[in-house]
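Subject: Structure handover

Hello,

Here is the structure I said I would pass on. My notes on it follow below.

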Amino acid sequence: MRRAGLGDGAPAGNYGYTNSGYSVYEEENERLTESLRTKVSAIKSLSIEIGTEVKNQNKMLSDMDNDFDSAGGLLGATMGRLRTLSRGSQTKLLCYMMLFALFVFFVVYWIIKLR
């Protein structure tokens with residue numbers, strides 16, 4: 001790289017500051033600049049990965065929201081059927097409960113008898 005007033009014979013790494021203390025500072029600046037460039041690129045890649053992860057998490061949350069909505073609809077329909085059943089005749093419901101209890105009693109009796 002050629003700079004004005006430095007001449008053509010200057011080494012490329014220190015920009016013509018060979019006789020003064022500036023070459024040390026210039027080398028340190030180059031080293032720090034390269035270190036900063038490395039850190040910035042690492043932060044950039046990390047922020048890109050974070051953005052990708054956030055997009056994936058938002059998609060998953062959206063899918064979960066849809067699943068919960070459909071489960072809520074199914075539960076609401078079930079509760080509606082239960083209300084319809086409870087509004088029906090109480091004798092029919094009582095008869096079903098008695099038959100179920102009788103069935104459970106006979107199953108338990110049969111299991112105890114087989115031992």
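Which residue forms a salt bridge with R37? The partner is E34, and the closest N and O atoms are 2.8 Å apart. A salt bridge here is a side-chain nitrogen of Lys or Arg within 4 Å of a carboxyl oxygen of Asp or Glu.

Before the rest, the basis of the numbers. This is a predicted model, in which local features need pLDDT of at least 70 and side-chain atom pairs count only at pLDDT 80 or more, while totals for chains, interfaces and linings use all residues. Residues are numbered from 1 along each chain as its sequence is written, and side-chain values use heavy atoms, with hydrogens and water left out.

Overall picture

The chain has two helices and zero strands; these are DSSP runs numbered from the N terminus, with helices being H or I of at least four residues and strands E of at least two. Of its 115 residues, 3% count as buried, meaning under 20% relative accessible area, with exposed being over 50% and partly exposed in between (1.4 Å probe, protein chains only). The chain exposes about 10,500 Å², by the Shrake-Rupley method with a 1.4 Å probe, where for residues only the protein chains shown count as cover. Carbon and sulfur atoms supply 65% of that area.

Helix α1 and its salt bridges

The salt-bridge count is two. R37 and E34 both lie in helix α1 (residues 22–87), three residues apart, about one turn of the helix. R37 is partly exposed at 49% relative accessible area, and E34 is partly exposed at 42%. The other pair is K59 and D63, with 3.5 Å from N to O. K59 and D63 also both lie in α1, four residues apart, again about one turn. K59 counts as exposed at 53%, whereas D63 is partly exposed at 35%.

Helix α2

Helix α2 covers residues 90–114. From first C-alpha to last, its 25 residues reach 36 Å, close to the 36 Å expected at 1.5 Å a residue; the expected span is 1.5 Å times one less than the number of residues. The count of buried residues in α2 is zero.

UniProt, in an unreviewed entry, lists residues 93–112 as "transmembrane region"; its positions are given in the numbering used here, feature names are shortened, and annotations may be inferred rather than shown by experiment. In the model, residues 93–112 are 100% helix and 0% strand, with the end C-alpha atoms 29 Å apart.

There is also a nonpolar surface patch, with about 930 Å² of accessible area together, whose members include F100, W110 and V107. V107 lies in α2 and is partly exposed at 33%. Patch residues have over 30% relative accessible area and no salt bridge; like charges are joined within 9 Å, and nonpolar side chains (Val, Leu, Ile, Met, Phe, Trp, Tyr) within 5 Å.

Regards
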